[in-house]
Structures are given as structure tokens and as C-alpha cells.
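Welcome! Please take a look at the structure below, and then follow this short briefing through it, topic by topic.

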Amino acid sequence: MSIKSRFSWYNYSIKFKLTFLLLVSSIVCTFVTGYLINHNYSTAVLRDYQATSNEATSRLAYQLDYYLQQVERSTWNMIGDLKIQRWLEQPGDTGQENADQVLNTLESFRVLNSWDIAGLWIVAKDGRVVSSVTDFEIPQIEYANTEPQVSIVRQTGFYRNEALPMISISMPIYSVYNGQLAGHLVLNLQFAELERLFTQTKLGETGKFYVIDAQKDLTVFHPNQALIGTPIEETNLADMDLAFKGTAAMQTIDHTSMLIGTRDMPSQGWTIVSAVPLDEMASGLKAAKRTTVIMMAIIMLLVLLIVPALAKRFVSPIGRLMTAVNRMEHGDLTVRTEFSPGPDEIQILSMKFNRMTDRLQTLIDEVMDLTKKEMQLHIRQNEATIQALQNQINPHFLYNTLDIIKSIAYFEGNQRVVDMTHNLADFYRYTANVREKEVTLGEELKALEQYLHIIHIRFPEEFASEVLVNEKYHSCRMVKLTLQPLVENAIKYAIEPRGGDGVIRISAYSDKDKLFIEVMDNGPGIPEHLLHTLQERLARVVADPDSYRGEDSYGLVNVHSRLHLQYGEGYGLKLHAFEGRGTVVTVTVPLSI
């Protein structure tokens, strides 16, 4: 047995398959339910987080924009200060006095504004610089922006060994005299104020906010100041997929499920990123998962305990039905199963089984009865064939006697006796062979011609016979000794009473699947009352094949009985008599060309 057939589904009992299917179905349903619960809960958490994140990042974006705008606006008066304008308009070295006036203006601004200013300086177009700084170096760069520009820089102080991040705001200064770009005011701010903004805004217990400049691949703000101003790829932000905008997503970072949200700041081209562990925002999700696991365990336990009992209840009627089928297989057709009327399929099957056994018993009885009748009919047919010989003479003794008579007639020169004994011997050889119940029409006609030859010898001048049968019908099969008894009957009742003066004609024709052979004579016909009696006898022999036993004549009744037994309904003899003109006997057999 192959492995495939050994583990075939049909090798297991219905109870096992029912238990297995219910168990698998329950597990699958539980898993699907758990998945849907987890998915829907996660979706709800993500949706709630998106709302919370959007609110927090929107507030931060607004405060950050407001902070930067306030810083920019606070410099407008200083940019328009005439001392600064004159210093920018006077090319070359204009003396220390003008520079000191510009420096005093810068110092006054730095003192009056608490923006965590780390550095403040003015750069003229010709490169001159006046600065008010604390302990940070002034970067040696050229400023060419024509709009306020905010950037992130890292500067090293005079008394520090580390580079600190700064927000550098470069404000263009236009001349009040000709409107041309005259220089730039540069303001460097420490991250103390921004850090305060981001730390005051809470998102869960350990949620964090980040600000990035995706176009410049730069980290604008990071809780770890050492990472501010560095490329995004060098921070933990590189592990986040930040391609989505204005929405929230669930991502796995360092084996931890995180909720990530983003918010764009169009004013600066920055993006605020919020990140918080999923467990902090979805504390109920763990409880839902635990509930799902517990529910699955309970369902599996119930299936293992209840399903076998239910399966036994369902399988018991099938077991009873199988026992009944086994008994029926061994020939017990009296077996019946119990059933309760209703729409239950097993009960319906039990009811159908009972009906089937009833019908089977009936059919077997009918078959046995038909078989018995067929055997009886077969015996009767053989008896009818033997009785058609009309004597009990030993065929070999008869043949030998006829041969002796033939030899004596031959030596004495009596040709008529020679012909008669020759035809009679051949005819009796044909009739004596009872092993063949069917012969061809050609063989039947040949035997009939031998019989007619004897009749012609008996009535050499008065009697006439015609055999008008197309050769295409000669191969048709028919019951042996069908035509001779009919012709003999016509000789007896139509020819002999008139001293041999008469005619017998045999013809044949076909219609659809039947062959009709007619034996006609021109005798006196059959009186109507006798014809009616013969037709009744023919009908009675079909209904009761034993009814012809004891009859004096085996001719018409014998032939009709054998034809009906051999071919069934619709086959046999039909009589048509025309009083004073003759009789027609029609033989109907299957057409088998």
C-alpha cells in the first residue's frame, strides 16, 4: 500500500473525521477571530494614535513656527536702525566709533530679548563683521540669501571642547536709501527653548518627538543633542519608514512595535516625527490577545470533550445501517433498520434502505418465478419439438429402413419410390436434430421443399405449390419446424379432401424490424365458428403454455406456442380465412438480415 493510499481520507472512520473537522474548524475560527480582534483593535489604536499624534505635532509645529517668527520679527527694528544702515552703507574702514555704535545696538538687543542668544552679528556685503557673541566662534561663511533663512549648525565655544547645536537665523538687511541688499543679520540660538517645547509635550510615557529636514537629509531636532545637525542615516530615525505624510503607521524597530506619526511644517520645509511604543498606547491589546488565547484553549477543550460524544450520537445510526447492509450482503433480505420520520438525512437513508430491501426481495421473487417459468417453458419447448416428430421411432432404424426401401426401389427401377424415400429420409434427418432450436429461413424452406416433393409424388397432377421468398430473407433466423406443420395442416384440410386438387403458396415480406411469412391455400377456408375457436386456442396458449397439452393436433397451436416462447409478445401466428376461397396463415418472426 502506498503512503498516499495509506493516509487517504477514506481510511478513517466518520467519527474521527467528524471530530477532526470540527476541531480544525474551531481552531481556524478562533484564529480568524483572534486575527480580526487584533487587526480591528490595532486599527482602532492606530486611528486613535493618529488623532493624538496629529494634535500633539500640530501644537508643536505651531509653537515652533511661532517661536521662529517671533525671533524674526524682533529683529525688524534693529535691521532698520540708522546706525546699522549707515555702517553698512559706508564702505571700507569707517572708524571704531561707528562699529561701537553698531555693537551697542546688538548688545542692547541681546540683553532685552531672552531668546537664548548664543551669538549675534552683522555682516556687510564687503565682508565687514560686527558681532556680539558670548563664547562661540563666528563661522567664516558668505551669506547671500535674500529671504530669512533658518538652518541648523554646530559651533564650538572658546571655552568648550564640544560642538553644540545651534539654530542659525540669517536675516537679509536691505538699504533704506536704495532698497538694495546691504548685508545680513545672523542670530544663533541655543536649543534650550526648543527642548523645553518638546519635553513639555507628552505622548505616552516614553514617546519622543523628532524634527527632520528630509530634503537636506538633516536631523533638525533629536532628544539626544549630540545627534542634532547630523544626517538622518546616522540616527535611529534611519530605521523608520517616513515616506508617509500626515498619517500614522505601525512599525517594528529593534524588535519593538512602534507607532510612528508625521506632520509637515511647510514654513520651514521640516517634518515633525512622533514615536511611541505600541504597548503604551494599546495596553488593552495584550488583554485582547490573552483573551483570544484563553478562548481558543477553552474551545479546543470543549471540542475534545463534547465532539466525540456528539460524533457517537451521529454515527450510531450509520453503524446500525452498516450492520444491516452487511447482513444484506450475506443474503439476509429480511433485515430492516429502525428510523424516525423527519428531515434527518440518516433517517431518510434508513427508510430508503428498508424500501430498497423490500423492493429487492420482490424483484428476487419475481426473477426466481420468471426463471422457474423460463425453465418450464424451455422444457415444454423441447417437448413440443420432440412431439412434432409425431412418433417414437428410433431415427437410426428409420433411416436404415428408408435406405433399404430406396435401394430395392432403385434396383427395381421405381424412381418415384426412390425420390420419395430419399426426400423422406432427408426430411426426418432435419426434424430429428433437436439440438438446434433455430435455423435459417433458407434451411427451413429446403426441408419444406423436400416435404412438398413427397406431396407432389402423392398427387402428381392435381397438386401445385409455389415458394415465392426473396433470397435476401434466407439468412433470417427462425424456430425450426415452423413452416412444415402449417403446410401439412393445409394439405390435410384443404388439399386432401379435394383429392389433391389445390394450390399452396409460400411468400414473405418485411416491415420495419419484423419478417412476415404467409402460407396460403385455395381450399374451402375455415368456417367462422371454427376460426373463432382456433383464435381463442392460440390466445389461450400464450396465457397458459400448458394448455395445449393433451390436444390431438400439435400443428397450429404447437408452432404458435414455440414462436411466442422464443420471441415474446407480438410474434407467432395469425389466421385469416375466406370461406369458399382459402386460408392464409401469417408467421411473424424478428427480421435479422
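Let us begin with a pair of strands: strand 14 (residues 502-511) and strand 15 pair in the antiparallel sense over eight bridges. Two strands count as paired if DSSP finds at least two bridges between them, and helices (H or I, at least four residues) and strands (E, at least two) are DSSP runs numbered from the N terminus. The model is predicted, so local features need pLDDT of at least 70 and side-chain atom pairs count only at pLDDT 80 or more, while totals for chains, interfaces and linings use all residues. Residues are numbered from 1 along each chain as its sequence is written, and side-chain values use heavy atoms, with hydrogens and water left out.

- Arg505 stands opposite Met520 in strand 15.
- Strand 14 and strand 15 form a hairpin with two residues between them, and Lys512 in the turn has a positive phi of about 60 degrees.
- Strand 15 also pairs with strand 17 (residues 582-590), in the antiparallel sense and over eight bridges.
- Across this second pairing, Lys514 faces Pro590 in strand 17, and Phe516 faces Thr588 in strand 17.
- Seven of the eight residues of strand 15 (residues 514-521) are buried, so strand 15 is largely enclosed by the rest of the structure. Here buried means under 20% relative accessible area, exposed means over 50%, and partly exposed lies in between (1.4 Å probe, protein chains only).
- Strand 17 is likewise largely enclosed by the rest of the structure, because eight of its nine residues are buried.
- Strand 16 (residues 572-578) pairs with strand 17 in the antiparallel sense over seven bridges, and Ala577 stands opposite Thr583 in strand 17.
- The hairpin of strand 16 and strand 17 has three residues between the strands, and Gly580 there takes a positive phi near 85 degrees.

- An open sheet has five strands in the order 2-1-5-4-3, with antiparallel pairing.
- Strand 2 (129-133) and strand 3 (149-156) stand at the edges with a single partner strand each, so one side of each has no neighbour in the sheet.
- Neighbouring strands of this sheet are turned by 20 degrees against each other on average, direction ignored; the axes are lines fitted to C-alpha atoms, for helices over the stretch in contact, and angles run from 0 to 180 degrees between N-to-C directions.
- Strand 1 (residues 117-124) and strand 2 pair in the antiparallel sense over five bridges, with Gly119 opposite Val133 in strand 2.

**Helices and a loop**

- The UniProt annotation "transmembrane region", from an unreviewed entry, covers residues 293-311. UniProt positions are given in the numbering used here, feature names are shortened, and annotations may be inferred rather than shown by experiment.
- Residues 293-311 are 100% helix and 0% strand, and the end C-alpha atoms of this span lie 26 Å apart.
- Leu36 is placed in helix 2 (residues 14-74) and is partly exposed, with a relative accessible area of 41%.
- Is Thr337 buried or exposed? Thr337 is buried, with a relative accessible area of 11%.
- Thr337 is found in the loop between helix 8 (283-329) and helix 9 (345-387).
- The C-alpha atoms of Thr337 and Asn354 are separated by 6.7 Å, and these residues are 17 residues apart along the chain.
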